[in-house]
Amino acid sequence: MTPKTVKKRTKKFVWHQPDPYVKVKCNWWKPRGIDNRVYGRFKGQLLMPNIGYGSNKKTKHMLPGGFWKFLVHNIKELKMLLLCNKPYYAHNFSTHNCKATVERAAQLAI
């Protein structure tokens, strides 16, 4: 039985005051400066990411259904799924041998 996945924060951390720079994305980077309200962690300001928002190691990168993503490039990699005792989800087959890979996955009941 897999433990329940708990997401401590689902909202993205955004860069503080990205307004003047339209050309720059709003991805997070840490504010540096003694006059910055976010850096000083004033009440009511944006939260900064820290180690406390980390996920449980056992459930990290797990999909909501309890599976992990597993990239399959060819038929040989399907055999690796049989060796694992945890449930995996194979996705994104290559276009070259997609049909053969899907047929083999159906035979192995993966």
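1. Basis of the note. Helices (H or I, at least four residues) and strands (E, at least two) are DSSP runs, numbered from the N terminus. On that basis the secondary structure of the protein comes to two helices and two strands, and along the sequence these follow the pattern β-α-β-α. The model is a predicted one, in which local features need pLDDT of at least 70 and side-chain atom pairs count only at pLDDT 80 or more, whereas totals for chains, interfaces and linings use all residues. Residues are numbered from 1 along each chain as its sequence is written, and side-chain values use heavy atoms, with hydrogens and water left out.

2. Burial and contacts overall. A residue is called buried under 20% relative accessible area, exposed over 50%, and partly exposed in between (1.4 Å probe, protein chains only). Of the 110 residues in the protein, 16% are buried. Contact means heavy atoms within 4.5 Å. Among the contacts with a separation of 6 or more, 30% are between residues 24 or more positions apart.

3. The largest pocket. A pocket is found on a 1 Å grid over the protein atoms alone: it is an open set of points where a 1.4 Å probe fits, with protein on both sides within 12 Å along at least five of seven lines, while a set from which the probe cannot get out is a cavity; lining residues have an atom within 4 Å of a point. Grid points are joined across faces, edges and corners, and the volume is the space filled by probe spheres set on the points. The largest pocket holds about 150 Å³ of space. Its lining consists of Val6, Lys7, Lys8, Arg9, Thr10, Lys11, Lys12, Phe13, Tyr53, Gly54 and Ser55. By class, this lining has five charged, three polar and three nonpolar residues; Ala, Val, Leu, Ile, Met, Phe, Trp, Tyr, Cys and Pro count as nonpolar, Asp, Glu, Lys and Arg as charged, and the others, Gly among them, as polar.

4. Gly54 in the pocket lining. Gly54, one of the lining residues, is found in the segment before strand 1. Its relative accessibility is 32%, so Gly54 counts as partly exposed. The C-alpha atoms of Gly54 and Lys8 are separated by 7.6 Å, although the two residues are 46 apart along the chain.

5. Aromatic pairs. Rings of Phe, Tyr and Trp (its six-membered ring) pair if their centres lie within 6.5 Å; planes under 30 degrees apart count as stacked, over 60 as edge-to-face and the rest as tilted. The whole structure contains three aromatic pairs. Phe13 and Tyr53 form an edge-to-face pair, because their ring centres are 5.2 Å apart and their planes stand at 70°. Both Phe13 and Tyr53 lie in the segment before strand 1, so the pair ties together parts that are 40 residues apart in sequence. Phe13 is buried at 19% relative accessibility, whereas Tyr53 is partly exposed at 29%. In Trp15 and Trp29 the ring centres are 4.1 Å apart and the planes at 35°, so this pair is tilted. Trp15 is buried, with a relative accessible area of 11%, and Trp29 is partly exposed at 41%.

6. Around Phe13. Ring pairs link Phe13, Trp28 and Tyr53 into a cluster. The charged end of Arg9 sits over the ring of Phe13, 4.1 Å from its centre; the criterion is that NZ of Lys or CZ of Arg is within 6 Å of the ring centre and within 35 degrees of the ring normal. Phe13 and Arg9 are both among the residues that line the largest pocket.

7. Two buried residues. Thr59, in the segment before strand 1, is buried with a relative accessible area of 2%. Leaving aside neighbours within four places in sequence, Thr59 is in contact with Pro3, Lys4 and Thr5. His16 is also found in the segment before strand 1 and is buried, with a relative accessible area of 11%. Beyond its neighbours within four places in sequence, His16 is in contact with Asn36, Arg37, Val38 and Leu46.

8. Backbone points to check. Which phi value does Arg41 have? Arg41 has a positive phi of about 55° although it is not a glycine. Arg41 lies in the segment before strand 1 (68-71) and is exposed, with a relative accessible area of 56%. His61, another residue other than glycine, has a positive phi near 65°. The place of His61 is in the segment before strand 1, and at 66% relative accessibility His61 counts as exposed.
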